[in-house]
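Subject: Handover of a structure

Hello,

I am passing this structure on to you. Please look through it first; my notes follow below.

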Amino acid sequence: MDIEALRTFVEVADAGGVSPAALRLGLPKSIVSRRLARLEAEIGIQLLARSTRGAALTEAGATFRDHAARACVEIDTARETLLPAGDLCGRLRVAAPISLGPTHFAPVLAEFARRHPQLHIHTSYSDRFVDLIAEGFDCAIRVGTLQDSNLIARRVGPLFGKFVASPDYVRTHGSPETPQELLTHQALMQGTESWQLLDGKKVVTIHPQGRFKADSGLGLAVAAVAGLGVAALPDYLIDKHIASGALVTVMKRYPPPPAGIYVIRPPGQHPARKVRVLTELLVECLEQDPNPASTSPA
């Protein structure tokens with residue numbers, strides 16, 4: 001039985017249709033459809049009920065999906081045992097933030113690919129929080145403060161940031177000095193998130209309001225420079241603007257607490273070996289060059 005046809009079927013089952021599965025696999029829909037048809041012909045059972053709205057698993061398909069997924073895992077494990085010690089194979093899908101990924105994580109992923117020439121690495125760069133399970137990612141690299149979830153996280157490096165605003169904004173609206181004052185200012189946010197501040201060793205949580213939102217840290221930095229409000233941003237996005245005078249630090253008595261850089265993976269008893277090896281490489285590289293995490297929160 002063709003292992004690639006099995007993998008394709010599992011992707012279609014998990015993605016909920018041929019089109020999203022083709023996007024995950026980086027293949028034309030026609031190839032995905034041909035593999036599915038070949039698999040169904042080989043086993044003599046209809047696995048998918050097709051309609052104009054997509055494809056849904058039949059009862060037999062739902063049962064077969066679990067067996068196919070286990071077979072794919074077993075084949076990957078068997079292949080790895082035959083490779084030289086330390087080699088990896090198969091496919092790794094990683095989600096990474098666009099505001100830090102291309103500059104800091106892309107070199108690590110390139111080195112990872114160089115060390116493991118039989119591993120296929122697919123990286124998606126976006127500042128939105130992807131659904132790892134629904135979208136078929138093996139892991140994600142995230143920065144900042146993690147939200148509560150059932151995902152498993154491993155911290156691979158520190159991250160520091162500041163509250164900032166433009167000099168024009170401060171001249172017009174004043175500089176907030178306390179958490180209560182900050183609530184009266186325009187906040188530049190990704191969504192409806194809360195902000196955390198350090199009051200000595202105590203962490204204070206507030207829920208700011210603002211009319212400008214963006215799902216990109218780079219976009220929020222540009223908005224802050226334009227004088228639209230106060231932003232809480234990591235140092236790697238604002239250091240050059242502070243150095244040029246385009247932004248100034250506010251809330252110095254109540255800075256944001258140190259955050260982190262994390263590798264996130266779906267729940268499971270043991271991480272896949274390829275995710276574990278990538279995580280260790282990120283720890284190694286960030287220890288050697290902690291540039292994304294500025295050496296001090298000051």
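Which strands and helices are included in what covers the buried residues of H10? The cover includes strand S5 (139-144), S6, S7, H9 and S11. Helix H10 itself covers residues 235-244, and its buried residues are Asp 235, Tyr 236, Leu 237, Ile 238 and His 241. Just past the end of H10, Gly 245 has a positive phi of about 90°.

The mean pLDDT of the protein chain is 85, with 91% of the residues at 70 or more. Residues 292-298 fall below 50, although this stretch still has 18 contacts in the model beyond its near neighbours in sequence. Where pLDDT is low, the predicted coordinates should not be read in detail.

The protein chain has eleven helices and 13 strands. Its C-alpha trace spans about 75 × 45 × 30 Å along the principal axes. Of its 298 residues, 43% count as buried. Taking contacts between residues at least 6 apart in sequence, 72% join residues that are at least 24 apart.

The five-stranded sheet

Five strands make up an open sheet with mixed pairing, in the order S4-S3-S5-S13-S6. Strand S4 (119-125) and strand S6 (152-159) are at the edges; each has a single partner strand, so one side of each has no neighbour in the sheet. On average, and with direction ignored, neighbouring strands here are turned by 20° against each other.

Strand S3 (residues 90-96) pairs with S4 in the parallel sense, over seven bridges. Two positions can be picked out along this pair: Arg 93 stands opposite His 122 in S4, and Ala 95 stands opposite Ser 124 in S4. How many of the seven residues of S3 are buried? Six are, so S3 is largely enclosed by the rest of the structure.

Helix H5 (residues 101-115) contains Ala 110.

The four-stranded sheet

A further open sheet has four strands in the order S8-S11-S7-S12, again with mixed pairing. The edge strands here are strand S8 (187-188) and strand S12 (248-250), each pairing on one side only. Helix H9 (residues 217-225) packs on this sheet and touches S8 and S11; the direction of H9 makes about 140° with that of S11.

Strands of a sheet pair through backbone hydrogen bonds, either parallel or antiparallel. Strand S7 (residues 161-165) and strand S11 (residues 230-234) run antiparallel and are joined by four bridges. Within this pair, Lys 162 has Leu 233 in S11 as its bridge partner.

Two packed helices are described by the angle between their axes and the distance between the axes. Helix H2 (residues 18-25) and helix H3 (residues 29-43) pack at about 110°, and their axes are 9 Å apart. An angle from 65 to 115 degrees counts as roughly perpendicular, so H2 is roughly perpendicular to H3. From H2, the contact is made by Val 18, Ser 19, Ala 22 and Leu 25; from H3, by Lys 29, Val 32, Ser 33 and Leu 36. By class, these residues are five nonpolar, two polar and one charged.

Helix H1 (residues 3-15) also packs with H3, at an angle of about 110° and with the axes 9 Å apart. That makes H1 roughly perpendicular to H3 as well. Here Glu 4, Ala 5, Leu 6, Thr 8, Phe 9 and Val 12 of H1 meet Val 32, Arg 35, Leu 36 and Leu 39 of H3. The contact of H1 with H3 has seven nonpolar, one polar and two charged residues. Val 32 and Leu 36 of H3 take part in the contact with H2 and in the contact with H1.

Regards

Note on methods. Residues numbered from 1 in each chain as written. Predicted model: local features only at pLDDT ≥ 70, side-chain atom pairs only at ≥ 80, totals over all residues. Heavy atoms only, no water. pLDDT = per-residue confidence, 0-100. Contact = heavy atoms within 4.5 Å. Pairing = 2+ DSSP bridges. Axes fitted to C-alpha atoms, helices over the stretch in contact; angles between N-to-C directions. Parallel < 35°, antiparallel > 145°, perpendicular 65-115°, else oblique. Nonpolar A, V, L, I, M, F, W, Y, C, P; charged D, E, K, R; others polar. Buried < 20%, exposed > 50% of the residue type's maximum accessible area, 1.4 Å probe, protein only.
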